[in-house]
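Dear colleague,

Please find below the sequence and structure that I am handing over to you. My notes on what was found follow after it.

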Amino acid sequence: MVKPMPDHPSTTIEPGASIDSEVADMTTQRPSPQPGRGKLSARGVDFFYGSFRALTGVSLEAYSNEITALIGPSGCGKSTFLRVFNRMNDEIPGAKITGKVTLDDEDIYHKSVDVATLRKKIGMVFQKANPFPKSIFENVVYGPRVHGEKNRAVLRDTAEKYLRKAALWDEVKDKLNESAFALSGGQQQRLCIARSLAVEPEVLLMDEPTSALDPNATFKIEELMKELKQDLTVVIVTHNMQQASRVSDKTAFFLLGEMIEHGDTEKIFTVPHDQRTEDYISGRFG
Amino acid sequence: MSLVLAHNKRDSRILAQKLAFAAVALIAAAVVIPILGLFGFIAFQGASKVNWDFLTKNPSALDASGGIFPAIIGTAWLIVFTILLAMPLGVIGAVYLTEYGGRSKLVTLVRAAIVNLAGVPSIVHGLFGLGCFVFFVGGSIDRIILRTSKPVWGQPCLLWGACTLAVVILPIVIKSTEEALAAVPKSFREGSQALGATKWETIRRIILPAALPEILTGAVLGIGRATGETAPVMLTCAASFKPTLPQGLGDQAMLLPYHLYFVVTQVPNAKMDTKSAIALVLISFVAASSIVVILLRSKFKKARKW
């Protein structure tokens, strides 16, 4: 079981609140990411599909109430890396991972960890909206149902609450029992976000969530992300560099399975340290 | 360059196309004509004999006079029990093979066994059913539990006929269920697991409901196969002449295919129209039960769009 641990360090800490000095240091010093201080942390992660090495020595911290964007050309390993955090790669035959990945300083690859419980805490939104072949209502309450909620009234409130959070309620409130496939692509993706939120995760992983959507639907989801980071740690993989610069607080640039550079989005996009980062963001390749 | 082809060139290409289409149409007709011919022949010969009395009266004697009501009811019961046995077993088996089995040697072996089971001649199934279900299982129940020397379960009856037919159609059900499960989009599975559902919850709540219409296709194929089988039930269930309806699973029953077989081979001077009438009822039975399941399937299919 994953034990609940307090969020730190970037959750707002009231002045005068008694907290240990280490954390206090962190809150004053942050922007520059330090190892072991993120909500979500990867240290020295190597990942293999059979004999193919997809990730080499990747270390990254993702902080609460921030959006961390993973950018890089196709096949650079950013999606693989995202899936490391909710162990979706576990399902792939021949996949192997080394290194340490933690949520609130707890090793998520420890053999005592229950993957289902982990995924309840770390939700995921996929590249292509993947509503279940059920009604809109049943899609949103799928997670709560799986996790044991049976009370119809509670489920109804849950559905409304998270459809509102996903800015979809007004569009679907009169057709909750219709098929989720009747919705547009953008609505389906927001439904999937509502569905993820309904299990009350602490982290939301988003794998190119807008790549199949038109600019208007993309805009809505980006606005939604900014809302969501009030309560969550958000990690997003994106092909779209404008998107990364618009929504994210931190950006990590991946190339050929390695993380080349990681830091404040503003800095990455204005004064990157690495020539390769600069080449990529200025559109010279990718 | 002109868009108009030279006359001779165009003619030869169009001719080639016409020839190819004609050949395809001919071959298609060659497939369809025998099927239509078969139905037409049976219907033409037997239709006059099929009337209310024939369908609802008991047979009056061993000479194929009277009706075939007990055979229709017997077949109906047998198919219901066969499906009730084969569908759960087959679906569970397919779920194991596709979802849990992985690529172990055991699974490879089981798959090979299923393929081979599908190729076993039906009379061998009959012999197996007789030896395994009637004599061994039924006989053991009589000996050990009922402690009787007079056979109660140790004789052919609906239960053992259904068990034998379930074995016959198991490969069909497993194969089509496997295909149904594999056809469910991977994104549903990922979506469910990403929400913290376990593999079993995902199978039960997402995969199986999504695959249900295709699983029912397996049921349609199974019903068709099971209804027509004669040899497996000859030794395990069928009665030649029994002008009463079966009262329970422990009863022997008249069955349509076996009745046809009996009339054709054992009744001298049986009229062709009687034989064809039985065949017509048998074919209609398969068609009717398939249509019921197909309607059910389209009801489930309507609910989804992906």
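**Strand β9 of chain A and its surroundings**

In β9(A), A:Ala252 is the bridge partner of A:Leu70. Please bear in mind that this is a predicted model, and that the values below are computed from it.

The pairing of A:Leu70 with A:Ala252 belongs to a set of four bridges between strand β3 (residues 67–71) of chain A and β9(A), two strands that run parallel. A:Ala252 also stands opposite A:His262, a residue of β10(A). Strand β10 (residues 258–264) of chain A is joined to β9(A) by six bridges, and here the strands run antiparallel. Together β9(A) and β10(A) make a hairpin with two residues between them. In the turn, A:Leu256 has a positive phi of about 50°.

How many of the six residues of β9(A) are buried? Six of the six residues in 250–255 of chain A are buried, so the strand is largely enclosed by the rest of the structure. In a regular strand, side chains alternate between the two faces of the sheet. Both faces of β9(A) are covered: A:Lys250, A:Ala252 and A:Phe254 are buried on one side, and A:Thr251, A:Phe253 and A:Leu255 are buried on the other.

**Chain A as a whole**

Chain A has 12 helices and 10 strands. Of its 286 residues, 47% are buried. Among the contacts in chain A with a separation of 6 or more, 68% are between residues 24 or more positions apart.

**A helix pair in chain A**

Helix α8 (residues 185–197) of chain A packs against helix α9 (residues 215–228) of chain A at an angle of about 20°, and their axes are 9 Å apart. Because angles under 35 degrees count as roughly parallel, α8(A) is described as roughly parallel to α9(A). Their crossing is right-handed. From α8(A), the residues A:Gly185, A:Gly186, A:Gln189, A:Arg190 and A:Ile193 meet A:Ala217, A:Lys220, A:Ile221 and A:Leu224 of α9(A). By class, this contact comprises four nonpolar, three polar and two charged residues.

**The contact between the chains**

In the model, 22 residues of chain A are in contact with 16 residues of chain B. On the chain B side, the elements that give two or more residues are α7 (186–194) and α8 (199–228) of chain B. With six residues, α7(B) gives the most to this side. Its make-up by class, for the side of chain B that touches chain A, is seven nonpolar, five polar and four charged residues.

With kind regards

Key: Residues are numbered from 1 along each chain as its sequence is written. Chains are lettered from A and ligands numbered from 1 in the order in which they are written. This is a predicted model: local features need pLDDT of at least 70, side-chain atom pairs count only at pLDDT 80 or more; totals for chains, interfaces and linings use all residues. Two residues are in contact if their C-beta atoms, placed from the backbone, lie within 7 Å. Ala, Val, Leu, Ile, Met, Phe, Trp, Tyr, Cys and Pro count as nonpolar, Asp, Glu, Lys and Arg as charged, and the others, Gly among them, as polar. A residue is buried if 20 or more other C-beta atoms lie within 10 Å of its own, exposed if 12 or fewer, and partly exposed in between; C-beta atoms are placed from the backbone. Two strands pair if DSSP finds at least two bridges between them. Axes are lines fitted to C-alpha atoms, for helices over the stretch in contact, and angles run from 0 to 180 degrees between N-to-C directions. Angles under 35 degrees count as roughly parallel, over 145 as roughly antiparallel, 65 to 115 as roughly perpendicular and the rest as oblique. A crossing is left-handed if the near helix is turned anticlockwise from the far one by less than a right angle, and right-handed if clockwise.
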